[in-house]
Amino acid sequence: MMGRFMRNTLKFTTLFLAMTASAALSAGQVEVLHYWTSGGEAKSVAELKKMLEAKGHVWKDFAVAGGGGDNAATVLKSRVVSGNPPAAAQIKGPAIQEWASEGVLANLDSVGKAEKWDSLLPKVVADVLKYKGSYVAVPVNVHRVNWLWGSSAALKKAGVASMPKTWDEFFAAADKIKKAGLIPVAHSGQNIWDFTTFESVVLGVGGAKFYDDALVKLDPKALTSETMKKSLETFRRIKAYVDPAAPGRDWNLSTALVIQDKAAFQFMGDWAKGEFVAAGKVPGKDFLCAAAPGSANAYTFNVDSFAMFKLKDAGAQKAQGDLAATIMGTEFQQVFNLNKGSIPVRLNMPMDKFDDCAKLSSKDFVETAKVGGLVPSVAHGMAIKPAAEGAIKDAVSQFWSDDKISVADGMKNIAKAAATR
Amino acid sequence: MSRSFESLLPKLVVAPAFVLGFAFIYGLMVWNGVLSVTASRMLPNYDEFVGLAQYEKLFEMDRWWVALKNLGIFSVLYVGGALVLGLVLAIFLDQKVRAEGFLRTVYLYPMALSFIVTGTAWKWILNPSMGLEKLMQDLGWTSFHFDWLVQSETAIYCVVIAGIWQSAGFAMALFLAGLRGIDDSIIKAAQMDGASLPRIYWRIILPVLRPVVFSTILVLSHLSIKSFDLVMALTAGGPGFSTDVPATFMFVMSFTRGQIGLGAASATMMLATVAAIVVPYLYSELRAKPHDR
């Protein structure tokens with residue numbers, strides 16, 4: 001991990017030196033910082049580049065791989081501090097607010113009004129992208145996080161008829177799978193994936209309203225309630241169905257266990273679908289997707305977005321506006337999301353080219369938005385500030401990996417972590 | 001004119017290194033110290049002076065205490081283990097064995113690897129479902145059980161094992177050099193007096209090796225305080241944060257959690273720890289010099 005980090009730092013340093021040397025940028029150039037470097041993602045970015053070049057702008061790629069965006073964030077900080085920000089950078093969730101409060105983000109309201117973004121985005125999503133009522137970032141896609149993926153072959157072998165809809169069904173199925181000699185749950189024992197599972201459990205046990213109170217608003221009463229206790233008990237029960245090699249395993253290696261039918265279930269966002277499809281598996285036939293038990297009428301969203309930085313050059317500003325409009329355009333939303341495995345963030349898009357899992361996701365996205373079941377994912381940095389988020393993740397991971405911590409103590413630790421500022 | 005130039009030349013040559021060293025070592029240390037008394041979050045921010053609040057926050061965090069405890073366990077076992085194993089290896093190699101050159105290279109080779117490689121290799125070896133445990137079970141020893149790496153109480157000892165494996169050869173090389181420097185006639189004299197071999201080693205050779213032991217401890221202990229790459233590659237701080245050490249703590253707080261002030265405070269604490277070891281050593285060294293020469 002660090003090797004790649006160092007390499008990137010070096011690469012960046014050279015790039016940076018070259019940049020400062022050619023300080024006079026040509027008009028209409030957009031430099032875009034992103035961390036989409038893997039197969040399907042890179043293809044999606046290439047599409048965006050093509051569309052922008054068709055509008056007569058120059059695209060300058062600034063990809064920083066690795067660390068789930070941590071490396072890119074580090075590079076971005078040094079660029080902004082040195083007064084030379086890129087035109088756009090991949091930033092999401094409350095981090096957008098943090099950057100905006102530093103006063104470095106550009107106001108996108110003129111583009112947003114012309115393109116009627118307010119009517120195209122659910123309010124909860126739009127709020128993430130706005131700072132003091134003005135758009136400062138533009139959304140690219142929606143990932144649903146509260147998925148349960150299943151291997152058809154493994155379920156069949158264990159005699160499980162369908163994907164479980166409740167936690168009771170889930171544990172009954174897990175027992176059967178264990179008896180059949182398979183791994184019931186392919187888990188990845190890393191901070192972020194521990195929490196991905198945990199937030200699906202909270203959503204399934206307590207519902208969207210409770211999720212919002214406890215994990216988004218961090219209400220101490222909700223965090224120490226009976227419902228939270230039940231969530232933690234359910235969360236711990238899952239651990240008995242996880243194989244011993246899980247700690248530290250990367251998420252895609254866990255997905256591989258499901259792909260190879262060695263494991264039956266995985267709690268994971270819909271980027272997992274990309275792995276299944278890349279392995280030649282067909283959704284609905286070789287592998288199954290369902291909302292995590294008990295959370296069918298709720299939806300934890302993870303929206304990738306680009307924040308735009310204030311620029312001095314008028315040509316670059318124009319290009320920046322065009323970039324924002326292009327990203328929200330129907331053409332890009334469709335092409336990009338077909339490649340990435342997510343769904344368009346824009347409402348009322350035709351979904352006929354997408355697969356069954358994406359159609360279900362899109363249907364639930366629209367429906368949950370109406371009834372208040374649409375909530376931001378905490379695990380994926382959509383809901384709370386990084387400091388509190390990190391502290392809660394620590395507490396949850398500690399509870400998961402150390403069986404000696406009682407449910408009551410676990411709850412106390414989480415509530416204490418939630419108070420971190 | 002030429003004489004003054006000659007006298008200036010060494011200073012001129014040394015100056016750039018001095019300036020760079022000053023700016024990039026001591027300058028950055030000071031900067032770090034300044035950051036640790038500000039409320040800096042995502043970006044450095046000097047507007048708000050908060051005194052020692054970041055340090056108070058630091059010592060209230062469970063995670064920091066876990067990191068400190070791990071550093072204690074790791075330093076003691078890693079330095080002690082590498083020292084003892086290195087000494088034993090060196091003594092064995094010193095018995096005029098055949099193919100000594102070959103064996104010496106074998107033992108020293110791990111030092112040529114980076115900690116990243118060591119960490120990754122040991123991650124696979126210690127992983128219960130693909131490494132040692134699986135191998136033993138496949139060979140027929142089905143009750144064999146070794147899952148330290150995935151248990152939060154024992155994972156730190158896996159880091160120690162990998163660290164010792166990497167550094168024991170280095171300690172061996174230092175000790176071997178020390179052993180070779182001992183005058184044969186002393187040992188022969190002891191043998192004439194009828195001293196047994198273990199006694200010779202215990203009463204004569206080890207005391208002579210004292211300076212070597214000292215410098216080995218110094219090198220290894222500062223390696224252990226800085227340890228970052230080994231932990232990152234082997235466990236990434238997990239399970240949970242049970243193998244966190246101060247260096248990984250600092251990195252996470254400063255660069256992924258947007259708490260630069262807190263990260264700077266932890267870095268200052270690390271600096272203080274290193275200084276607590278190095279300063280007394282330097283002091284004793286520098287003070288001893290005038291008498292020696």
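In the predicted model, the contact between the two chains draws 25 residues from chain A and 25 residues from chain B. On the chain A side, the elements that contribute two or more residues are helix H1 (2–21), helix H3 (70–81) and helix H18 (386–401). The most is given by H18(A), which supplies eight residues to the side of chain A that touches chain B. By class, this side of chain A comprises nine nonpolar, nine polar and seven charged residues.

Contact between the domains involves 16 residues of domain 1 of chain A and 16 residues of domain 2 of chain A. On the domain 1 side, helix H4 (94–101), strand S11 (299–308) and H17 of chain A each provide at least two residues. H17(A) gives the most to this side, with four residues. The residues on the side of domain 1 of chain A that touches domain 2 of chain A divide into six nonpolar, seven polar and three charged.

Helix H17 of chain A spans residues 356–371 and includes A:Asp356. With 13 other C-beta atoms within 10 Å, A:Asp356 is partly exposed, since the partly exposed class lies between the limits of 12 or fewer for exposed residues and 20 or more for buried ones. When residues up to four places away in sequence are not counted, A:Asp356 touches A:Pro283 and A:Gly284. A:Ile238 lies 118 residues from A:Asp356 along the chain, and the C-alpha atoms of these two residues are 27 Å apart.

The largest nonpolar core contains 138 residues, and those with the most contacts inside it are A:Ile96, A:Val136, A:Ala137, A:Ala263, A:Ala307 and A:Met308. Helix H10 (residues 191–216) of chain A gives the most to this core, with 11 residues. Because domain 1 (2–143 + 302–361) and domain 2 (147–300 + 377–418) of chain A both give residues to this core, the core lies between them. Apart from neighbours within four places in sequence, A:Met308 is in contact with A:Ala87, A:Ala88, A:Leu105, A:Ala106, A:Leu108, A:Val136, A:Ala137, A:Gln320 and A:Ala324. A second, separate core of 57 residues includes B:Leu58, B:Ala67, B:Ala168 and B:Met232.

The secondary structure of chain B consists of 13 helices and zero strands. For the 293 residues of chain B, the globule rule gives a radius of gyration of 19 Å; the value for the model is 24 Å, well over that figure, so chain B is more spread out than a compact globule. The C-alpha trace of chain B spans about 80 × 75 × 30 Å along its principal axes. Buried residues account for 34% of the 293 residues in chain B. Of the contacts in chain B with a separation of 6 or more, 68% are between residues 24 or more positions apart.

Helix H9 of chain B (residues 197–208) has 12 residues and, at 1.5 Å a residue, should span 16 Å; its end C-alpha atoms are 15 Å apart, which agrees. H9(B) is hardly covered, as the count of buried residues among its 12 residues is zero.

How values were computed:
Residues numbered from 1 in each chain as written. Chains lettered and ligands numbered in written order. Predicted model: local features only at pLDDT ≥ 70, side-chain atom pairs only at ≥ 80, totals over all residues. Contact = placed C-beta atoms within 7 Å. Nonpolar A, V, L, I, M, F, W, Y, C, P; charged D, E, K, R; others polar. Core = buried A, V, L, I, M, F, W, Y, C linked by C-beta atoms within 7 Å. Domains from an automatic or database assignment. Rg over C-alpha atoms; globule rule 2.2 N^0.38 Å. Expected span 1.5 Å × (residues − 1).
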